[in-house]
Amino acid sequence: MIQRIQTIYLLLAAAVSGGLIFVVSLWIDGEGNEVVAMDESSYFGAFVVSALLSLVAIFIYNNRKLQTVINRLNILLNLILLGVFVYRSLTMSGETAVSEKGIGMLIPIISIVFLVLANRAIRRDEQLVKSADRFR
């Protein structure tokens, strides 16, 4: 069951959460320095946990209900991370701390989209298994 479409979605979510944090900047501070997730340990930890949850969900394909719960937990983590980013970007005044917002603030949104698509595919697999059990 690893060759299912939800595995691709979960791999993409793990790649976005775990890979893009090294490449894309979250914001540019007042001195012109790019701030990436590795510079902020709490953001880095949240992104790593999100990537690990996606990878764990891939390998528990036998238990689709637990896989869905882990994906929902991961979606909740990404929503909290997105909320923190929005709060931080809206509460900091002009040039004092955050000069420009980086595209890295969109990483949780992209991850959430892939996780929702994975949950939909898992739900379709569950419905397919239930319909096959009715024929027996």
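Me: A helix here is a DSSP run of H or I, at least four residues long. With that settled, in which helix does Gly83 lie?

Reply: Gly83 lies in helix H3, and this helix covers residues 64-91. Please keep in mind that the model is predicted.

Me: Is Gly83 buried, exposed or partly exposed?

Reply: Gly83 is partly exposed, as its relative accessible area is 37%. That value falls between the limits, because buried means under 20% and exposed means over 50%.

Me: Let me step back. How many helices and strands are there?

Reply: The protein chain has four helices and three strands. Their order along the sequence is α-β-β-α-α-β-α.

Me: And how confident is the predictor overall?

Reply: The mean pLDDT of the protein chain is 83.

Me: Which elements have the lowest and the highest mean pLDDT?

Reply: The lowest mean pLDDT among the elements, 59, belongs to strand S3, residues 98-101. Helix H2, residues 41-59, has the highest, at 91.

Me: What share of the residues is buried?

Reply: Of the 136 residues in the protein chain, 38% are buried. The accessible surface comes to about 7,900 Å², and carbon and sulfur atoms account for 65% of that area.

Me: On to the rings. How many aromatic pairs are there?

Reply: The count is three aromatic pairs. In one of them, the ring centres of Phe22 and Phe44 are 6.0 Å apart and the planes meet at 65 degrees, so this pair is edge-to-face. The edge-to-face label applies because the angle is over 60 degrees.

Me: Which helices does that pair tie together?

Reply: Phe22 belongs to helix H1 (residues 5-23) and Phe44 to helix H2, so the pair links parts that are 22 residues apart in sequence. Phe22 is partly exposed at 46% relative accessible area, and Phe44 is partly exposed at 28%.

Me: What sort of pair do Phe47 and Phe85 make?

Reply: Their ring centres are 6.1 Å apart with the planes at 35 degrees, so the pair is tilted. Phe47 is in helix H2 and Phe85 is in helix H3, so parts 38 residues apart in sequence are tied together.

Me: Are Phe47 and Phe85 buried or exposed?

Reply: Phe47 is buried, at 0% relative accessibility. Phe85 is also buried, at 1%.

Me: What does Tyr43 touch?

Reply: Apart from neighbours within four places in sequence, Tyr43 is in contact with Leu26, Trp27, Ala37, Leu81, Val84, Phe85 and Arg88.

Me: How many residues are in the largest nonpolar core?

Reply: That core has 24 residues. Among those with the most contacts inside the core are Tyr43, Phe47, Leu81 and Phe85. Helices H1, H2, H3 and H4 (107-135) each give two or more residues to the core, and H2 contributes the largest share, six residues.

Me: New topic: where is Ser54, and is Ser54 buried or exposed?

Reply: Ser54 lies in helix H2 and is buried, with 0% relative accessibility. Leaving out neighbours within four places in sequence, its contacts are Leu10, Ala13, Ala14, Asn74 and Leu115. Ser54 and Leu12 are 42 residues apart in sequence, yet their C-alpha atoms are 8.9 Å apart.

Me: Finally, which residues does the UniProt annotation "transmembrane region" cover?

Reply: According to the unreviewed UniProt entry, the annotation covers residues 7-28, 43-61, 73-90 and 102-122. In the model, residues 43-61 are 89% helix and 0% strand, with the end C-alpha atoms 28 Å apart. Residues 73-90 are 100% helix and 0% strand, and their end C-alpha atoms are 26 Å apart.

Methods
Residues numbered from 1 in each chain as written. Predicted model: local features only at pLDDT ≥ 70, side-chain atom pairs only at ≥ 80, totals over all residues. Heavy atoms only, no water. Buried < 20%, exposed > 50% of the residue type's maximum accessible area, 1.4 Å probe, protein only. Areas by Shrake-Rupley, 256 points an atom, 1.4 Å probe, with all protein chains shown as cover. pLDDT = per-residue confidence, 0-100. Phe/Tyr/Trp six-rings, centres within 6.5 Å; stacked < 30°, edge-to-face > 60°. UniProt positions renumbered as here; feature names shortened; annotations may be inferred. Core = buried A, V, L, I, M, F, W, Y, C linked by side-chain atoms within 4.5 Å. Contact = heavy atoms within 4.5 Å.
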